[in-house]
Every structure is written in structure tokens, then in C-alpha cells.
Amino acid sequence: MEGPVEIERQTLEYDVVIVGGGPAGLSASIRLKQLSSDIRVCVVEKGSEIGSHILSGAVFETKALDELIPDWKEKGAPLITPARQDHFLLLSKRRAWKLPTPPQMHNEGNYIISLGRLCQWLGEQATALGVEIYPGFPAADIHYDDQGRVNGIITGDMGIGKNGEQTELFQPGVIIKAAYTLLAEGCRGSISERIIQKFNLRKDRDPQTYAIGIKEIWQVDPAIHSPGKIVHTVGWPLNASTYGGSFLYHLDEHKIALGFVIGLDYQHPYLNPYQEFQRYKSHPAICRYLEGGKRISYGARALNEGGWQSIPQLHFPGGAIIGCSAGFVNVPKIKGSHTAMKSGMLAAEAVNAQFVSNPQGDLENYSTAFASSWIAEELKQCRNIRPGFRFGLWFGLLHAAIDTYVFRGKAPWTFKNHADHTQLKSASHCAPIAYPAPDGVVTFDLMSSVFLSSTNHAENQPAHLTLKNPDLAMATNYKKYASPESRYCPAGVYEITEESGQPALKINAQNCVHCKTCDIKDPCQNIRWTTPEGGGGPHYSGM
């Protein structure tokens with residue numbers, strides 16, 4: 001019997017290939033070209049264009065941008081709205097109490113931005129320096145040399161039918177070879193996670209921990225709009241044992257960005273992050289900004305929260321991990337773009353140094369540079385704050401104050417992190433949560449929200465979300481946890497239906513907004529997330 005036919009692929013060769021066109025990847029490409037115009041640099045991005053898969057709050061600290069492009073103002077970087085007012089509120093169901101703003105959340109000198117637009121601008125700067133950027137080309141696989149060293153990636157095939165057959169539109173993916181491969185896929189990058197496992201990069205590190213962030217942009221009444229105003233909340237609608245909070249940022253053009261973030265270490269299997277976000281919007285202190293306004297965008301994305309103790313070894317044979325693929329978010333600051341950008345710059349400097357001395361050497365100098373960088377200093381100082389909330393809101397707030405004001409980030413201990421998927425309680429020990437019906441004014445049903453994300457996947461392609469063991473969906477997830485995937489997904493991908501009179505799991509992969517929550521939170525780690533056909537997924541604008 002003949003084996004499968006080997007697909008003939010075109011091979012492109014560069015000095016450096018960067019996977020991901022976000023802040024880290026683009027900053028790395030720019031820094032490489034600043035250091036040497038002769039280095040051949042390629043960036044591949046799975047979104048249909050740079051910025052289309054980027055979602056963040058975002059209040060932006062310019063520290064890394066100041067280092068990378070000191071004249072960014074003159075070059076027209078889209079940093080328009082300076083941060084002007086910081087508010088930190090504790091919510092009960094009907095009331096709001098103003099709390100002292102923690103020092104890490106003081107935003108003087110920062111800007112409220114669309115991170116997607118900043119990435120588009122960074123892409124323009126990179127292109128002007130000679131970087132080749134290929135949007136719509138996901139990295140589907142890793143390419144190794146004969147010694148097992150990473151020497152590039154393979155982009156995804158196009159035109160594969162639902163059953164794996166080649167259609168008339170078939171185009172094979174391309175092998176992109178490079179001396180160094182930089183992984184900048186963002187939080188829970190699929191290639192990055194495979195590299196971390198293959199080379200055991202989490203040895204002696206804690207598991208990474210995550211949160212799910214859900215965001216909307218609204219056009220609001222000019223009378224209540226205050227450009228530069230920043231509001232963060234804790235408390236309601238979450239109970240004291242569940243970590244999370246909200247943000248509400250006043251942008252330019254009478255727009256506000258608001259969102260809700262919930263730690264994925266939550267224990268209640270019936271908790272629904274999307275519905276918690278809708279409840280939050282109904283609070284009197286929040287809905288007053290929305291009534292009379294118009295919701296124009298929706299999206300969701302997982303974010304890293306593990307911090308210092310969860311950062312893996314950053315280099316591997318033939319490359320390095322940068323940005324949120326490694327996990328550099330400063331949780332107390334609620335910021336990670338500046339650290340992601342700096343990590344890309346450090347990796348670029350390490351690559352350039354290797355080209356001068358030993359083009360086949362590993363990038364251990366990147367790990368060394370990171371350890372002595374201001375990113376490491378930031379993350380060491382705040383390493384205990386997020387884990388402290390595992391013991392509840394009140395302990396977390398008290399501990400954060402002691403850690404900040406008494407120990408100043410230098411406590412003689414480091415809290416451990418635990419994998420989020422291990423934290424769910426059995427459904428038999430928890431009561432279902434009754435969420436109110438949407439009012440269509442401030443709160444909305446899930447599918448109308450997904451529509452605003454402009455998510456699209458070609459229908460005739462293999463599902464990029466599959467189960468490693470289909471039996472576990474009913475035997476464990478349904479029976480023990482009441483199918484939490486039908487609630488934690490912010491896009492309605494996982495649905496319990498009926499087949500032959502029995503409950504069954506239906507996967508609506510075409511709805512996927514690439515948030516990666518299912519890959520993180522599934523209690524059996526049974527969901528396999530792979531890159532869909534290039535250009536698929538959300539098409540965010542201004543997020």
C-alpha cells in the first residue's frame with residue numbers, strides 16, 4: 001500500500017523569521033533592521049492584516065517605544081489620548097465606593113490607545129526599514145534541521161476541504177527557513193506551546209496562569225464623555241473568591257472602551273464570563289455611560305497572569321520566545337505591551353550579536369539580557385500580588401498593600417502558581433447561576449456580540465478545534481462539570497445539543513475569535529487548538 005503523498009513546498013530563506021505581527025514581533029523586526037540593514041527579516045501573521053487579531057484594553061506605557069523609536073510623535077504614532085484621571089472603585093450590586101488608586105495603576109504620562117492601530121503603525125515602520133510582512137499566513141508547523149534544531153516554520157496549507165481533501169483551490173504552505181525563529185504569537189501561542197513542551201522550557205518553573213478579557217467599544221453621548229478618564233473596578237458582579245475586575249477608558253471621538261477580566265483559575269463550573277460582563281454593564285455606575293450610546297465592536301482574548309515565576313526558559317535551539325507567548329504581563333499595572341515590545345528588542349539585539357560571533361549558536365544571550373532588564377525588575381517586584389488573590393478579594397487587597405508599601409516588592413517569599421484547568425469544582429457541589437436576559441440596550445445576547453467581531457472562517461476547511469478524546473466531552477466534562485466549555489467560551493463555539501435522544505457536544509469552530517480560553521481552561525486538557533486557514537478569525541477594527 002502506498003503511503004501519503006509528500007507535498008512539494010516552495011522554500012523561502014531569511015536570516016530571521018518572526019511568527020506574529022503584534023507588539024513584540026514588530027518591535028523585534030524593527031530593532032533588527034535598525035542594527036543591520038543587511039539582516040533579512042520576515043514576519044508572518046495569521047490575521048488577514050496587521051492588527052486584525054489584536055485586542056487589548058489598552059492604557060499604554062511608552063517606555064519601550066521611547067527606546068525603539070524616540071521620535072515616534074514626529075512620525076505620527078497613533079497615541080492620541082493622554083491619560084488624565086485615574087479612578088479605582090469597589091462595586092456592590094447597586095453602589096460604588098472610591099478606593100485609593102494603587103501606585104502601579106497611576107497612569108500619568110501614559111496614553112489610552114487602540115493597540116491594533118499601534119501595531120498597524122509599527123508594521124508601516126517595519127516595512128519602511130525593509131522587513132517583509134506576510135499577513136494571512138499562519139505558522140502551522142515548525143521546521144527542524146537534521147540535528148533537531150529549529151530552522152524555520154511551515155505556513156498553513158490553503159484549500160483543504162472539511163474532510164482533509166485537497167480542493168481545486170489548494171495551495172501548499174511554504175517552508176520559511178531561517179537561522180533564527182522568534183515566536184511572538186501572543187498569549188498561549190500554539191507553536192510556542194509545542195516548543196515549550198518539546199524542549200522542556202518550563203522545567204523548574206510554575207505553570208502559566210491566565211485570565212479571559214472581554215471588551216466592547218461604544219460611541220457615547222458627548223455630554224458624558226471625558227477624554228483620558230480611566231475607571232477600574234473590583235467586586236460585583238464577582239464574589240470575593242473569584243479574581244477579576246473591569247476597565248472603562250475614555251478614548252477620542254466620543255468613544256469608550258470597556259471590558260471585564262476574569263482569572264481563569266475560577267472554581268465555579270457554572271460561571272459564565274460573558275454573562276458576568278453583561279451584568280457588570282448594568283451597574284448604575286457603569287450603565288450611565290452607555291445609555292443612549294451605540295455599541296460598535298466586541299472581542300475577547302486570554303491574557304497571561306503568571307508573572308515572574310511562570311516565565312519559561314526563553315531560548316531554544318534555533319530561536320527564542322518573546323512577548324505574551326512567554327508571559328510578560330505586569331498584572332498590577334494592567335499592562336503588557338511595553339514589556340512585550342522590550343522583549344522583542346532584547347531578542348533582536350541577541351540575534352544581531354550572534355550573527356557577528358556565531359550564526360548557529362543558541363540565543364542564551366537573550367535570556368541573560370532579559371534577566372538584567374527592566375522587564376525582569378518590574379515582574380520580580382510584583383510577583384506576589386496576583387497569586388495573593390487566590391485567597392480571596394479581601395486578603396488579596398490587604399496583601400497587595402503590604403507587598404507594595406511595606407516590602408516594596410522584595411518580600412522574602414514567592415507564591416506558587418497553579419494550572420488554571422485544575423481549579424474547577426464538580427458541578428454537584430455548585431448551584432447553577434441565573435443570569436438575567438439581555439435588555440438589548442446595555443446588555444446583549446452572545447451571537448449579536450460575536451457578529452460585531454467580524455469573525456469569519458471559510459466553511460469548507462477542517463475544524464481547527466478538535467477533541468483529543470471525544471469520549472471525555474460527555475464522560476467527564478458533561479457529567480462532572482456540566483460542560484463548562486459551553487459557558488467559558490466568549491463566542492458560543494461549544495454547544496450542548498441532542499443526538500439520538502442523548503446530549504452531545506457540538507463545536508461551532510466558525511465562531512472562534514481565537515481567544516484561546518478553551519485551550520487553557522478545559523479541565524481534561526482535551527481540546528486541540530490549531531491554526532485555521534490563513535486570514536480566518538476575527539477582524540478587529542480599533543480594538
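Strand β14 (residues 210–219) pairs with β17 in the antiparallel sense over nine bridges. This is a predicted model, in which local features need pLDDT of at least 70 and side-chain atom pairs count only at pLDDT 80 or more, while totals for chains, interfaces and linings use all residues. Residues are numbered from 1 along each chain as its sequence is written, and side-chain values use heavy atoms, with hydrogens and water left out. Helices (H or I, at least four residues) and strands (E, at least two) are DSSP runs, numbered from the N terminus. Two strands pair if DSSP finds at least two bridges between them.

- Buried means under 20% relative accessible area, exposed means over 50%, and partly exposed lies in between (1.4 Å probe, protein chains only).
- In a regular strand the side chains alternate between the two faces of the sheet.
- Both faces of β17 are covered, with Lys 255, Ala 257, Gly 259, Val 261 and Gly 263 buried on one side and Ile 256, Leu 258, Phe 260 and Ile 262 buried on the other.
- In the pairing with β14, Gln 219 stands opposite Lys 255 of β17.
- Strand β16 (residues 244–250) runs antiparallel to β17 and is joined to it by seven bridges; Leu 248 stands opposite Leu 258 in β17.
- A hairpin is formed by β16 and β17, with four residues between them, and Glu 253 in the turn has a positive phi of about 55°.

**A sheet of three strands**

- An open sheet has the strand order β3-β7-β4, with antiparallel pairing. Strands β3 (59–60) and β4 (81–82) stand at the edges, each with a single partner strand, so one side of each is left without a neighbour in the sheet.
- Two bridges link β3 to strand β7 (residues 111–112) in the antiparallel sense, and Phe 60 stands opposite Tyr 111 in β7.

**Helix α4 and Arg 194**

- Helix α4 (residues 190–198) contains Arg 194, which counts as partly exposed because its relative accessibility is 38%.
- The buried residues of α4 are Ser 190, Ile 191, Ser 192, Glu 193, Ile 195 and Ile 196.
- Arg 194 and Asp 141 are 53 residues apart in sequence and 9.5 Å apart in space, C-alpha to C-alpha.
- The side chains of Arg 194 and Asp 141 are joined by a polar contact of 2.6 Å. A polar contact is a pair of N or O atoms within 3.5 Å; within protein, one must be able to donate a hydrogen and the other to accept it, and residues adjacent in sequence count only if both atoms are side-chain atoms.
- Just after α4, Asn 200 takes a positive phi of about 55°.

**Helix α7 and Gln 354**

- Gln 354 belongs to helix α7 (residues 337–357) and counts as buried because its relative accessibility is 11%.
- Apart from neighbours within four places in sequence, Gln 354 is in contact (heavy atoms within 4.5 Å) with Tyr 180, Pro 359, Gly 361, Asp 362, Leu 363 and Asn 365.

**Helix α11 and Ile 402**

- Ile 402 lies in helix α11 (residues 393–405) and is partly exposed, with a relative accessible area of 34%.
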